[in-house]
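Colleague: I would like to go through this model with you, starting with the way it is organised. Could you keep the answers plain?

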Amino acid sequence: MKYLPLIWTAVMRKPARTILTLLSVTVAFTLFGLMIGLNATFDLVANRARADRIFTGPRFGNALGTGMPIAIARQIAAMPGVKVVTAVNFIPGYVQDPKNPAFLVMLDDNAEKVVEDWPIPPEVWSAIRKDRTGIVMSKNQAARWHKKVGDNFTMISKAVKRADGKNSWTFKVLAIGDDIAEQTNGYMFGNYDYIDKAKPLADQGKVNEIDLLATDPATATELAQRIDRTFANSATPLQTTTDKMARSGKDFNGLDVKAITHGIALAGMFMVLFLTGNGIAESVRERFAEFATLKTLGFSDRAVTALVVLEAALPCVVGAALGVAVAGFLAGQIPALMPPGFGLPLPTISPMVMLWAAVSAFAVALLSAALPIARLTRMDIASALSGRA
Amino acid sequence: MLRQIWIVSVLNFKSLTSRFWQSMVIVVGLAATIGVMLSMLSLATGMRQAYYNAGDPGRAIVVSKGADQEGQSAITRAMAPMIAVAPGIAKDTDGKPLADRGLNMGIPVLRKDGSRGQTTMRGLAEKGQGVRPELKIVAGRMFERGKRELIAGTGAQNLYQHMQIGDKVILPDGEWPIVGVFATGDLLEGQLLGDTETLLTATHKTNYNSVLVRLASQNSLPAFKNALTRNSALSVTVERHSDWYKRVASEQTFGLALLGYIVGAVMAIGALFGCLNTMYSAVSTRGREIATLRALGYGAFPVAVSVILEAVVLSISGAIIGGAIAWALYDGKQDVFGGMIFHLSVSPAQFELGVIWAGAVALLGGLFPSIRAARRPVVEALRAT
């Protein structure tokens with residue numbers, strides 16, 4: 001503690017240098033927080049994915065098109081090892097202008113059991129069942145369309161027509177739900193039964209996706225393969241995957257998220273390492289005689305080392321804390337910046353991210369301080385004091 | 001004046017060696033910034049290039065009215081022959097118009113890294129190869145018309161599993177073998193091709209997605225377009241193939257490019273603070289030298305210019321190093337994003353952009369230190385230790 005004033009004086013000797021270094025470190029750690037936070041989100045989603053949940057849909061062709069016969073859902077429900085099956089329809093479209101794409105998912109009565117981990121309270125599920133033109137929006141979507149509970153929401157869908165031939169669909173917002181990390185664009189869902197009956201007769205009884213739970217998570221992979229095999233030679237071959245399989249990979253559209261985020265975070269650290277290393281070296285060089293005085297006064301090598309490390313660590317640690325805080329703030333702004341539907345998950349500033357930021361900040365400080373410390377421990381006090389060193 | 005700037009700057013650069021590590025802060029900062037930015041942009045740039053390559057200005061694409069993707073478009077069996085007889089279409093050696101009824105649908109693939117993806121399966125009809133002369137079979141053979149078989153692009157073969165000749169692709173009512181491998185030099189290389197009519201039957205579809213025609217000449221588009229839009233039996237949009245892909249490219253690569261620019265901008269801000277720091281300290285360590293020059297009669301302006309010049313040279317060399325690293329690592333590497341296979345690209349234009357960014361950072365980072373250098377009273381600077 002008694003060193004604190006010493007360190008503070010050292011740091012504030014050249015305030016401009018300290019502040020600029022701090023700002024640079026803050027920016028680097030903002031990037032670090034966003035990148036490692038993005039990674040953390042992928043981990044979170046992978047950990048939360050359920051082993052017993054299975055998704056299936058038409059193997060080829062446009063999944064957003066007319067879909068597959070609902071009879072398939074009944075066939076799957078009758079297969080051994082299946083606990084509960086839910087049929088899902090999509091309404092892809094836009095609001096007012098094709099530039100504002102919107103996507104509505106229509107769920108049937110069993111959905112509540114299949115996606116029981118969604119943050120949707122039972123009364124909302126029953127409200128959707130009762131009010132057939134009602135929908136639930138996530139906070140993200142509600143903010144995007146400026147909707148609150150009770151508002152009407154109208155979207156145009158070229159793919160899904162109504163029985164009267166029109167393609168405009170109006171719903172009432174019944175509830176606004178919490179967002180889910182894996183639904184990166186937010187979500188909106190309504191009543192499957194309603195859309196099925198509202199479509200022209202020829203399009204009724206078609207579904208875009210079938211989701212189910214296996215009775216035993218251990219057999220889910222085998223069940224998924226069995227489903228694919230059963231329908232492989234039918235008119236509608238299926239593409240089936242478990243939730244776990246679909247979300248365990250760290251890829252965003254085929255990009256290796258881990259490698260990219262780590263690379264960028266590392267480049268940022270490398271950039272500040274030069275800056276902080278140079279700063280501390282310069283600071284020690286300028287005060288070489290002062291350090292000689294400290295040593296004359298009886299400061300051990302260890303104490304001097306501590307002083308230098310702490311001086312180097314101060315801007316790194318403060319910058320890391322600020323940077324991660326800024327990253328946490330910016331993470332919430334990303335959806336507004338990126339084009340709708342881009343689907344990049346939001347970075348999560350988890351305790352793990354903070355820990356890694358702290359570790360990296362100390363690593364940068366230690367590396368920066370290494371050379372000056374080596375110089376100080378080897379210093380010849382007499383010549384340093386006389387200014388000949 | 002210029003002479004003064006020259007002399008002061010030369011003096012500056014000669015003293016750089018004594019400030020080597022300090023200067024490296026700027027070089028490394030900009031190398032990291034521009035290296036990361038160009039690496040990220042190589043995705044969007046490469047993808048855009050693959051789209052541009054696919055769009056031949058000598059072709060026109062016909063889709064149903066208002067569709068801006070092939071997948072959204074439906075051309076009925078009745079409409080297709082009406083399109084093929086319109087004026088402005090080049091004729092094949094057999095005298096028939098070079099108009100190809102195309103089919104376009106998504107199909108799941110397993111990438112080589114084990115992740116699941118989606119690619120496009122296209123149908124080509126009789127005139128498919130005539131309209132697309134860039135299509136070359138590089139292994140095996142072309143699919144036969146009327147047969148349930150496919151050919152795979154070279155990119156698909158490189159980056160997806162189960163794309164070798166003899167492998168089977170699951171389609172409705174049975175599997176289709178891959179009988180050949182093709183190259184086109186554009187985005188089609190990441191896709192699968194089969195016979196339009198056979199695919200149409202197998203997938204229980206009733207409509208084509210598009211009609212692609214080879215224009216009689218690049219100037220015959222207006223005539224072709226007029227004929228189709230005036231025909232009340234058709235409700236279609238006609239676009240030059242190159243314009244079509246230019247629009248698709250900008251839509252599809254916007255998000256990725258934006259991401260690259262955002263990361264680049266954040267790093268540039270970090271590098272800017274580093275640059276300011278270095279230049280301030282350079283100006284202060286050279287305080288006496290600058291004051292001496294001023295005392296000898298050199299103006300404040302040449303001194304200021306020399307400071308900025310130093311920042312610019314250091315930043316731009318950093319940018320070139322960073323760009324070179326990005327180029328060496330990624331340029332030309334085949335990669336996949338979503339359903340697209342393309343070659344990453346760090347182009348000269350991207351390099352230029354990197355250098356401009358670095359120059360901007362240097363101007364901002366050198367400006368205030370240069371003002372301080374120029375304004376500092378000579379006497380005070382000479383007295384300072």
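Colleague: Which domains does the assignment give for chain B?
Modeller: The model is a predicted one. In chain B, the assignment gives domain 1 (2-52 + 249-383) and domain 2 (66-234), with bounds that come from an automatic or database domain assignment. Residues are numbered from 1 along each chain as its sequence is written, and chains are lettered from A and ligands numbered from 1 in the order in which they are written. Local features need pLDDT of at least 70 and side-chain atom pairs count only at pLDDT 80 or more, while totals for chains, interfaces and linings use all residues.

Colleague: How many Å apart are the C-alpha centres of those two domains of chain B?
Modeller: The C-alpha centres of domain 1 of chain B and domain 2 of chain B are 47 Å apart. Their contact takes eight residues from domain 1 of chain B and 14 residues from domain 2 of chain B; two residues are in contact if their C-beta atoms, placed from the backbone, lie within 7 Å.

Colleague: Which elements supply the domain 1 side in chain B?
Modeller: Helix 2, strand 11 (334-337) and strand 12 (340-343) of chain B each supply at least two residues of the side of domain 1 that touches domain 2. Strand 12 of chain B gives the most to that side, with three residues. Helices (H or I, at least four residues) and strands (E, at least two) are DSSP runs, numbered from the N terminus.

Colleague: And by class, what does that side have?
Modeller: The side of domain 1 of chain B that touches domain 2 of chain B has six nonpolar, two polar and no charged residues. Here Ala, Val, Leu, Ile, Met, Phe, Trp, Tyr, Cys and Pro count as nonpolar, Asp, Glu, Lys and Arg as charged, and the others, Gly among them, as polar.

Colleague: What about chain A, how is that divided?
Modeller: Chain A is divided into domain 1 (4-47 + 253-385) and domain 2 (53-215), and 47 Å separate their centres, taken over C-alpha atoms. The contact between them takes 11 residues from domain 1 of chain A and seven residues from domain 2 of chain A. Helix 2 of chain A gives the most to the domain 1 side, with three residues.

Colleague: Turning to the chains together, how many residues does each give to the contact?
Modeller: Chain A gives 40 residues and chain B gives 46 residues. On the side of chain A that touches chain B, helix 2 of chain A gives the most, with 10 residues. The residues of that side of chain A divide into 21 nonpolar, 14 polar and five charged.

Colleague: Back to helix 2 of chain B: at what angle does it pack with helix 8 of chain B?
Modeller: Helix 2 of chain B and helix 8 (residues 241-285) of chain B pack at about 175°, with axes 8 Å apart. Axes are lines fitted to C-alpha atoms, for helices over the stretch in contact, and angles run from 0 to 180 degrees between N-to-C directions. Helix 2 of chain B is therefore roughly antiparallel to helix 8 of chain B, a term that applies to angles over 145 degrees.

Colleague: Which residues have the most contacts inside the largest nonpolar core?
Modeller: They are A:Leu31, A:Val308 and B:Val62, in a core of 170 residues. A nonpolar core is a set of buried Ala, Val, Leu, Ile, Met, Phe, Trp, Tyr and Cys residues joined through C-beta atoms within 7 Å. Helix 2 (residues 20-54) of chain B gives the most to this core, with 19 residues. A second, separate core of 47 residues includes A:Ile76, A:Val85, A:Val88 and A:Ile135.

Colleague: Is A:Val85 buried or exposed?
Modeller: A:Val85 is buried, because 23 other C-beta atoms lie within 10 Å. A residue is buried if 20 or more other C-beta atoms lie within 10 Å of its own, exposed if 12 or fewer, and partly exposed in between, with C-beta atoms placed from the backbone. A:Val85 lies in strand 3 (residues 82-95) of chain A. Leaving out residues up to four places away in sequence, A:Val85 touches residues including A:Ala73, A:Ile76 and A:Leu212.

Colleague: Last topic: where is A:Asn253 found?
Modeller: A:Asn253 is in the loop between strand 12 (251-252) and strand 13 (255-256) of chain A. A:Asn253 has a positive phi of about 55° although it is not a glycine, and counts as partly exposed, with 18 C-beta neighbours inside 10 Å.

Technical notes:
Parallel < 35°, antiparallel > 145°, perpendicular 65-115°, else oblique.
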